[in-house]
Structures are given as structure tokens and as C-alpha cells.
Amino acid sequence: MDFDLDVATHADGVSVVTVLGEVDVATAPALRQELLRLITEGVSPPRVVVDMAGVDFLDSTGLGVLLGGLKRVRAKDGSLVLARAEPQVRKVFEITRVIEILPIHDDLDAALDAVRA
Amino acid sequence: MGEIELEIPARPEYVSLARQVVAAAAAVEPRFRAERIDDLRLAVSEAITNAVEAHAEALGEGRIWIRCHLEVAGDCIRVEVHDSAGGFDPDAVPSVPEPDDPSRLGFEHGLGIPIMRELADETQIRATDSGTMVELVVYRSASAAPGPDDGAPVA
């Protein structure tokens, strides 16, 4: 399966999760687990950017994991924002209107500004 | 013309393989637009994922059958996804609240069927003797498809 995750935590505590490959029913549990780890064990309040530039497929399971992450982050007064998505990935957020809850920033700097705001 | 049948174990790690086969089956027709193949890949993936999850709930190590029929004259691909996980009532799936509804964040599931209905030109979900059959039809381009909702029965 074509999937990989990388996490980099900046000096101010903001974590950038870089997701590569396909996010579906087989791979979404790994993303869920990583987000949960950052939210429960990382800096509080959690501030997380999910960089999706390397994601070539994402389905409803992936949307569910990101929505679950947002819910848990908000419960701890933190924030979670998305950055960079290929058109076919952005389309999934648009047709489900999840984009109204979880906007996708066009570049990483804008996402970092938003999560620090 | 082209008919392909695929049988996979009802397990998450096989969903990627199956959606790639279905997308490649549509791409045999060179006039199939790349954007429509993306729509097909995602809609089929949602159908197969539902079948995998139904088998997981039924505690069965079942199998899923996928049949693709590329209709060159009809400018479309017709895909059936069959599971044998018992029944499923699509009307029993709670509808997802509007995005501005505070309860919306509680819905981490339930987006698969809306995605299928949005992306496929026709979507039918039917109970069979052993489980559920989902039939999806995707046209090769927006202009090749019948008008919105024409002959697109709501399951």
C-alpha cells in the first residue's frame, strides 16, 4: 500500500503531519492513531497542520479521521488546519461540504499562520 | 464489450487493488476523461469500503465480487459490487447534519453513500439474498451522460 506519514514539531509546538499516498479504510487508522497521539501526548493545546500535498487519494474514511481529529483538538482548545490538496482530493471535501468545517489552505505558510492565530 | 470480474477478500488492504483495477478497466476506453475516472475510482472505493465494513460487522471473513461492464456504445462503465454480509438498509443510515450544525462534527461516518450518489451518474443499492449489491454507472464525460437525474433511480 502506497502510504506514509511524517511528523515534524516546530519549536513553538506546532506539529506538521505530512501525509503521502492513499488515505482509505486500510491506511486511515494509522493517521487516526498519529493524530490521537499528537492530541493526547503532544503540546497542549494541540496545534496541528495536516499537509496533504502528497496525497493522491482520500475517501470518506479519511474525511472521518480528519473530522475526528478536529473534534478532539477543539475539545482541548487547540486547532487543526489542512494545507495543500490536489484537485481530486479537494473535490471530496467540496462535495461533502466538509470544506466548510475544515478549510484547505493553498500553501503551508498560510496554514501555519492560521494554526498559530 | 469489455467485462471484467474480480473477487477479493473482504479486507481493508484489498480495497486499493480493487479500485485500481476498476479505474484501469474504464481507462481501456481512451475517450474516458481522467476526471471521470477519478470520480469512478472514489465512488467504487466507497462501495467496496461499505462492503468490507459490513463483513467486519458480520464477523465474517467474506469475499466481495466486483463486476465491471464497459459499454462502448453507451459511453459508460457499469460496476456492480456484491457482498454476502447479510443485509443493509440504506434508509437506516442517519443523514449527515448541515456543516453549520454543531452536531456535524460527531459524524465521522456516513459520508460514503452521499459521495457515491454525488460522483456516479447512477447509483442503486439493493438487498440480495446474501447481502447487498451496489450498482454504479459512470459516463466517460459530462457531455456523454444523460441529463441530471435522467433515468437515475434513487435506490
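**View 1. Order of elements in chain B of the predicted model.** Read from the N terminus, the elements of chain B follow the order β-α-α-β-β-α-β-β, which amounts to 3 helices and 5 strands; helices (H or I, at least four residues) and strands (E, at least two) are DSSP runs, numbered from the N terminus. Residues are numbered from 1 along each chain as its sequence is written, and chains are lettered from A and ligands numbered from 1 in the order in which they are written. The model is predicted, with local features needing pLDDT of at least 70 and side-chain atom pairs counting only at pLDDT 80 or more, whereas totals for chains, interfaces and linings use all residues. The mean pLDDT of chain B (the predictor's confidence in each residue, from 0 to 100) is 86, and 79% of the residues score at least 70. For the complex, the predictor gives an ipTM of 0.92 and a pTM of 0.88.

**View 2. The open sheet of chain B.** Five strands are arranged in the order β1-β2-β3-β5-β4 in chain B, with antiparallel pairing, where two strands pair if DSSP finds at least two bridges between them. β1 (3-9) and β4 of chain B are the edge strands, each pairing on one side only, and neighbouring strands of this sheet are turned by 15° against each other on average, direction ignored. β4(B) and strand β5 (residues 132-139) of chain B are joined in the antiparallel sense by 6 bridges, and within this pair E122(B) stands opposite V137(B).

**View 3. Helices on the sheet of chain B.** Helix α1(B) lies across β1, β2 (63-71) and β3 of chain B and runs at about 10° to β2(B), while α2(B) packs on the sheet by touching β2, β3 and β5 of chain B, its direction making about 175° with that of β5(B). Axes here are lines fitted to C-alpha atoms, for helices over the stretch in contact, and angles run from 0 to 180 degrees between N-to-C directions; residues are in contact if their C-beta atoms, placed from the backbone, lie within 7 Å.

**View 4. The largest nonpolar core.** This core (buried Ala, Val, Leu, Ile, Met, Phe, Trp, Tyr and Cys residues joined through C-beta atoms within 7 Å) has 75 residues, of which V22(B), A43(B), I48(B) and L136(B) touch the most other members. Its largest share, 10 residues, comes from α2(B). Leaving aside neighbours within four places in sequence, L136(B) has contacts that include A43(B), V44(B), A47(B) and V79(B).

**View 5. The side of chain B that touches chain A.** The contact draws 20 residues from chain B and 21 residues from chain A. On the chain B side, α1 (15-27), α2 (34-57) and α3 (112-119) each supply at least two residues, and α2(B) gives the most, with 6 residues.

**View 6. Helix α3 of chain A and its surroundings.** Within helix α3 (residues 87-95) of chain A, V89(A), K91(A), V92(A) and F93(A) are buried, a residue being buried if 20 or more other C-beta atoms lie within 10 Å of its own, exposed if 12 or fewer, and partly exposed in between, with C-beta atoms placed from the backbone. The buried residues of α3(A) pack against β3 (47-58), α2 (60-75) and β5 of chain A, together with α2 and α3 of chain B. Just after α3(A), R97(A) adopts a positive phi of about 65°.

Notes. Contact = placed C-beta atoms within 7 Å.
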